[in-house]
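Biologist: Hi! Could you walk me through this one in plain words?
Modeller: Happy to, let's have it on screen.

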Amino acid sequence: MLPLLLFGSNIQVTNVQVTPNTSTNEAVITFDLSWDNGWRIAGGTEFMDGAWVFIKYRTMAMPEWKHGFVSSSNIVSGILGYEADPRQLGVKFMPSVDTVGTINGSVGITISNLLSTPYGLEVQVHAVEMVKIPSSPYYVGDYGDYSWHQYGSNNDEPYHVTQSDTIYRTQGGIDHLNNSSVPYVVASTEEFWVMKYEVSQDQFVSFLNSLSRTQQDNAVPLDLSTSSNNVFALSETATPSFRNGIRIDAGFDTVSGPLTFYCDLNNNSVANENTDGLNIACNYLSPDQLYGYLHWAGLQAMTEFDYE
């Protein structure tokens with residue numbers, strides 16, 4: 001058993017304990033979860049933050065990291081509530097009482113349908129801070145000639161979304177979508193959750209370190225098959241660039257298996273020190289890299305309507 005202690009921006013997962021069940025191919029994972037500057041106001045109907053928690057695991061018979069499917073969750077202690085994910089890709093935890101400040105508690109998660117017997121089971125518990133966006137009507141676009149989403153009685157008004165609906169291109173000025181291959185868009189007024197902070201360099205390193213070597217080759221722009229002094233994998237430079245400190249060790253082209261990425265903003269070859277920029281927002285990311293991280297984490301990108 002090798003549970004990992006992982007940090008996000010100011011979120012902590014500690015005291016991870018794993019109890020496997022070899023007869024059912026399940027494992028119960030308990031841990032303490034906390035984050036600072038949390039809040040729940042007015043019963044959480046509108047103003048509340050939380051944490052998205054997901055599990056990665058591997059076994060002796062299956063050395064590549066896989067996503068853990070959560071079959072059940074429970075609160076052991078503390079001021080936490082939870083919301084199950086219908087896809088079973090993780091669990092959303094949030095304050096169970098109105099409060100402002102540090103949120104903490106002890107929780108248990110059961111992952112099931114393991115792809116091999118859990119001998120030599122290792123787990124990673126990842127946590128991402130989230131914020132609830134309450135259900136609400138909203139306007140899409142503006143009244144300008146260059147608005148992508150424009151609709152009104154005279155095409156000079158933004159589109160007012162008052163309920164979840166499918167909006168077709170034939171509705172007034174919605175043709176300003178300017179893409180004949182998109183016959184309609186789905187506008188929702190339902191609540192949703194969004195990441196509180198940008199993806200940190202520490203979070204992206206965790207993502208890279210759970211990939212196979214082939215996946216790593218595709219996840220960074222640096223050519224990992226060719227010898228180079230450029231060890232900073234996202235900036236493709238020999239030293240940190242624009243505060244990005246994600247690197248690998250020299251000689252990476254001679255390693256056949258997965259590489260170990262780490263943060264080293266101070267460039268002293270010592271991994272993940274306090275001065276190595278772990279909590280700095282990760283730059284040098286393409287849309288494909290961001291989509292890859294979100295898919296790995298069981299999340300999805302915001303739509304333009306979500307942004308509005």
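Biologist: How many aromatic pairs does a search of the whole structure find?
Modeller: The search finds six aromatic pairs. Rings of Phe, Tyr and Trp (its six-membered ring) pair if their centres lie within 6.5 Å; planes under 30 degrees apart count as stacked, over 60 as edge-to-face and the rest as tilted. This is a predicted model, where local features need pLDDT of at least 70, side-chain atom pairs count only at pLDDT 80 or more, and totals for chains, interfaces and linings use all residues. Residues are numbered from 1 along each chain as its sequence is written, and side-chain values use heavy atoms, with hydrogens and water left out.

Biologist: Why is the pair of phenylalanine 204 and phenylalanine 207 called tilted?
Modeller: Their planes are at 55°, so the pair is tilted, and the ring centres are 5.2 Å apart.

Biologist: Where do phenylalanine 204 and phenylalanine 207 lie?
Modeller: Both are in helix α1 (residues 201–208), three residues apart, which is about one turn of the helix. Helices (H or I, at least four residues) and strands (E, at least two) are DSSP runs, numbered from the N terminus.

Biologist: And is phenylalanine 204 buried or exposed?
Modeller: Phenylalanine 204 is buried, with a relative accessible area of 0%. Phenylalanine 207 is buried as well, at 6%. Buried means under 20% relative accessible area, exposed over 50%, and partly exposed in between (1.4 Å probe, protein chains only).

Biologist: What about α1 itself, how many of its residues are buried?
Modeller: Eight of the eight residues of α1 are buried, so the helix is largely enclosed by the rest of the structure.

Biologist: Which residues form one aromatic cluster?
Modeller: That cluster is made of Phe54, Phe204, Phe207, Tyr293 and Trp296.

Biologist: New topic: what does the side chain of arginine 213 reach?
Modeller: It reaches the backbone oxygen of phenylalanine 252 at 3.4 Å. Arginine 213 lies in helix α2 (residues 213–219) and is buried, with a relative accessible area of 12%.

Biologist: Which residues does arginine 213 touch?
Modeller: Leaving out residues up to four places away in sequence, the ones touched by arginine 213 include Leu224, Asp253, Val255 and Pro258. Contact means heavy atoms within 4.5 Å.

Biologist: Last one: what is phi of asparagine 15 near?
Modeller: Near 55°, a positive value in a residue other than glycine. Most residues other than glycine have a negative phi. Asparagine 15 lies in strand β2 (residues 11–21) and is exposed, with a relative accessible area of 53%. Glutamine 88 also has a positive phi, about 65°, and is found in the loop between β7 and β8 (91–95).

Definitions and conventions
A polar contact is a pair of N or O atoms within 3.5 Å; within protein, one must be able to donate a hydrogen and the other to accept it, and residues adjacent in sequence count only if both atoms are side-chain atoms.
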